[in-house]
Amino acid sequence: MKTLIVYAHPEPKSLNSSLKDLAVSTLRTAGHEVRVSDLYAMNWKAVVDAADYGPHASSPLKVALDSGRAFDAGTLTPDVLAEQEKLLWADTIIFQFPLWWYTMPAILKGWVDRVFTYRFAYGVGEHDDVKYGERFGEGTLAGRKALLSVTVGGPRSHYAARGINGPIEDLLFPIQHGILYYPGIEVLPPFVLYGTDRMTDEDYRDVAEAWEQRLLTLDSTEPIAFRRQNFGDYEIPSLHLKEGLEPAGRTSFGLHVRG
């Protein structure tokens, strides 16, 4: 298995760094190939601008179309091209980050904004009466798996169904469904650690054991059963879920998960 770890935390002595290092050592010991994109160490440029697209940048800038033209011409900046190559190389992508203000750190979102260009991660496939492009279960990155490894400062109860912060599944849905599943990546259930601001060394021993177990069972873990867009569950072109497919009482993001 070839694994890309996209890591986003500014402190080399952080819990997130320890989890990243443990993932590297565990997977390599098990015989897997591992590459790491350490975004802070790379001084990753987080903002999209005309410089990303060189001669294919229009005025006014049209991010989607310009990024697609630059992708097709092979003239995206070297840092973006390198990350796209890593994604195509990988069988599995692990995203290691802290939950900040209910989402990923800005540097990681900037990685997505710049690397998931038009014609690479979206805007692929034909649109007709039975198909609305290759996305949500199809696409450039189909055949790969992804796992979010997320540290959360607050306790688990704050992120439960009735918790004040909302269910963790809802908070991660835009990342897991909207960013990863969109270009075809199968998404494994996340590895979430709660109460990390108060974690002790003794706690970490248990965490490390659990993390190693998750890493060694990546191949056998069933992905989240997100509905595929073009395989009969949705009306096209409205992309509304067909009536009667949802389990009784299920609403909101849960509508888009089978079973």
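These legends walk through several close-up views of the predicted model shown above.

Because the model is predicted, local features need pLDDT of at least 70 and side-chain atom pairs count only at pLDDT 80 or more, while totals for chains, interfaces and linings use all residues. Residues are numbered from 1 along each chain as its sequence is written, and side-chain values use heavy atoms, with hydrogens and water left out.

**View 1. Helix H1 crosses helix H6.** Helices (H or I, at least four residues) and strands (E, at least two) are DSSP runs, numbered from the N terminus. The axes of H1 (residues 15-29) and H6 (residues 201-216) come within 10 Å and cross at roughly 45 degrees; axes are lines fitted to C-alpha atoms, for helices over the stretch in contact, and angles run from 0 to 180 degrees between N-to-C directions. The two helices are therefore oblique to each other (under 35 degrees is roughly parallel, over 145 roughly antiparallel, 65 to 115 roughly perpendicular, and the rest oblique). On the H1 side, the contact (heavy atoms within 4.5 Å) includes Leu 15, Ser 18 and Leu 19; on the H6 side, Tyr 204, Trp 211 and Glu 212 are among the residues taking part.

**View 2. The largest nonpolar core.** A nonpolar core is a set of buried Ala, Val, Leu, Ile, Met, Phe, Trp, Tyr and Cys residues joined through side-chain atoms within 4.5 Å, where buried means under 20% relative accessible area, exposed over 50% and partly exposed in between (1.4 Å probe, protein chains only). This largest core has 47 residues, and those with the most contacts inside it include Leu 87, Phe 95 and Trp 111. Helix H5 (168-181) is one of the elements that each supply at least two residues, and H5 gives the most, with eight. Take a look at Leu 108: leaving aside neighbours within four places in sequence, Leu 108 is in contact with Val 6, Ala 8, Leu 39, Phe 95 and Phe 97.

**View 3. Two cis peptide bonds.** One joins Ser 59 and Pro 60, with omega about 5 degrees; Pro 60 is found in the loop between strand E2 (33-38) and helix H2 (63-73). Another joins Ile 236 and Pro 237, with omega about 20 degrees, and Pro 237 lies in the segment after helix H7 (229-233).

View 4. Arg 119, in the loop between H4 and E4, has a phi near 75 degrees. At 36% relative accessibility, Arg 119 counts as partly exposed. Ser 252 has a positive phi of about 60 degrees although Ser 252 is not a glycine, and at 47% relative accessibility Ser 252 also counts as partly exposed.
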